[in-house]
Amino acid sequence: MNKKADELTILVADDEEDIRDGAERILQRIGYRVVKAARGDDAQKLVEALRPDLVMLDLKMPGRDGIEVLKFIRQMDPRILVIIVTGFATVEAAIEAMKRGAYDFIPKPFEPDQLRIVVNRAAEKIRLSREAELLEQEKRRTLADLDTEKSRVHTIIESLPDGVLVTNTSAQLVLMNPACKQLLELGADAKPGRSIEDYIPDEALSRLITEISQGKHLDFDDIPAHEFALSSGKYLRARGQPVLGDRKECLGAVVNFADITTLKIVDRLKSEFVSKVSHELRSPLSTIHEQLATVIGDLVDRAPVQDQHILTRAKEKTKGMSSLINDLLDMSRIDEGLICREPRPVLLEELLRSIVDFLDAKAQAKHQVLTLVLPEAPLPELQADPLALESIFGNLIANAITYTPDGGSIRVEVDLAGVNVRVRVIDNGIGIAEKHLARIFERFYRVKDEATRYITGTGLGLPIVKGLLEAMGGIIEVQSTPGEGSIFTVLLPAAPAKTGEQKP
Ligand code: ADP
């Protein structure tokens, strides 16, 4: 950035040879590049061709007057500094020249030191103004870069197909893109600035965004996606995350919205299809099953053992198919929101006792001990769909029996945990390895290994349990150690439970 002395070019324009040569010697010695002109017109040509940084200009020259040359230089490039070199007699002219833009003047004859001081001062001025110019350029470039970056980010956000909104720590909307306005049906001229609940029709989502904005959800992975419906029938999925600053402090929330109406429609069509097909298959299958049972009964002691065996296998298979169909029907009822719609008061102790009594035969067949452990104090009444509760605990206890080897034990323990009633189904069976634990609630997921090889099932039991619990505001968790056993824990709200949520 700094122009060194030897990088500066000085034109010495003077008709006196002694002055020209003397100046050249002095200036070259301190590192400047020097060119010389004896006439005004020559000086002008050199200025044009070489663009010197500094011109030492005699006012009285043949060819062209110094003042004229000065005017020419000022017009061509005002950054070129001009030092007027003048005899005492023309001080007034020098002052006039200063008024016309000359930078300094030096009287003739001059001492070498005088010349050095004047020229060095001018050189310093040149350096400083060049530095300032570079800084200015840099500043302009940085600002331009920032502007470009800002408008680039802005353009990207504006043109995202998904809706995006941003809130501050007071949960006020500070930014939303056109897709967001369109998805939330807010109208194109909706403006940010108000509180989030003024824009979002879903109370639970507004609450979640407010909490995220206030920094109550800093663990990104724990923030659930939220699905909700608009009055127009449109379905949206929202995902929110905190916006964190340099020191990991929460600055607000960013939420993105996707239209999942089509997914919901496809889902509904799929479950309607499954439900129709299952309905159609259910009665013929149960007829086949019953008829097979009758035939097998009639053939005992009469048909060859081999044939009886084939028929028995066929009967087992139809039983498996029947239970698959029943599970599929349950699943589609859950999908369609057809369960838990009319909760009734339920006495959980009684319900569990009857399930345990019913399944005890199955446990005894495997020489297992099945026990129900109830709290001493009576449990609060639950508001729930008793059929859903039967399905939940029937599935869990039947699984515990199925996945526990002969001679094992299963305990169903009930107690109160805060505002929830807690039911734990504990077995000392085969257990579930860590890698399967997160997946056993997926539809059709079954653990396939040596221990489960001969156990038949549909892989729909646990998804049904989970779906039913979600519909009634409960939750399920599982802990398990392979080879030692499993604990399935169900929490049900003791306060009046939520009714089944309407789905499309
Ligand atoms: P299904 O029992 O019909 O296979 P589920 O959805 O009820 O389907 O269970 C999914 C899988 O979870 C089972 O295949 C089994 O591997 C595992 N599982 C469920 N309950 C237990 C349990 N109490 N002990 C060990 N494994 C279990």
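Start by selecting the open sheet of 5 strands ordered E2-E1-E3-E4-E5, whose pairing is parallel. Strands here are DSSP runs of E with at least two residues, and helices are runs of H or I with at least four, both numbered from the N terminus. Two strands pair if DSSP finds at least two bridges between them. At the edges you will find strand E2 (33-37) and strand E5 (104-108), each pairing on one side only. With direction ignored, neighbouring strands of this sheet are turned by 20° against each other on average.

A word about what is on your screen: this is a predicted model, in which local features need pLDDT of at least 70, side-chain atom pairs count only at pLDDT 80 or more, and totals for chains, interfaces and linings use all residues. Residues are numbered from 1 along each chain as its sequence is written, and side-chain values use heavy atoms, leaving out hydrogens and water.

Now pick strand E3 (residues 54-58) and strand E4 (residues 81-87), which pair in the parallel sense over 5 bridges. Here Leu-57 stands opposite Ile-84 in E4.

Two loops deserve a click. Select Arg-51, in the loop between helix H2 (40-50) and E3: the phi of Arg-51 is near 50°, a positive value in a residue other than glycine. Then go to Pro-109, in the loop between E5 and helix H5 (112-159). The peptide bond from Lys-108 to Pro-109 is cis, with omega near -10°. For background, most residues other than glycine have a negative phi, and most peptide bonds are trans.

Move on to another open sheet of 5 strands, with the order E7-E6-E10-E9-E8 and antiparallel pairing. Strand E7 (173-176) and strand E8 (226-229) each have a single partner strand, so one side of each is left without a neighbour in the sheet. The twist averages 25° from one strand to the next. Strand E6 (residues 163-167) is joined to E7 by 3 bridges, and Leu-165 stands opposite Met-176 in E7.

Finish at the ligand. Which of the 20 residues around the ligand come nearest? They are Asn-399, Tyr-403, Arg-446, Thr-458 and Leu-462; a residue counts as near if one of its heavy atoms lies within 4 Å. An N or O atom in the side chain of Tyr-403 is 2.9 Å from an oxygen atom of the ligand. For Arg-446, a side-chain N or O atom is 2.5 Å from a ligand oxygen atom. Last, select Ser-486, where a polar side-chain atom lies 3.5 Å from a nitrogen atom of the ligand.

Key:
Axes fitted to C-alpha atoms, helices over the stretch in contact; angles between N-to-C directions. Polar contact = N/O pair within 3.5 Å; in protein donor to acceptor, adjacent residues only side chain to side chain.
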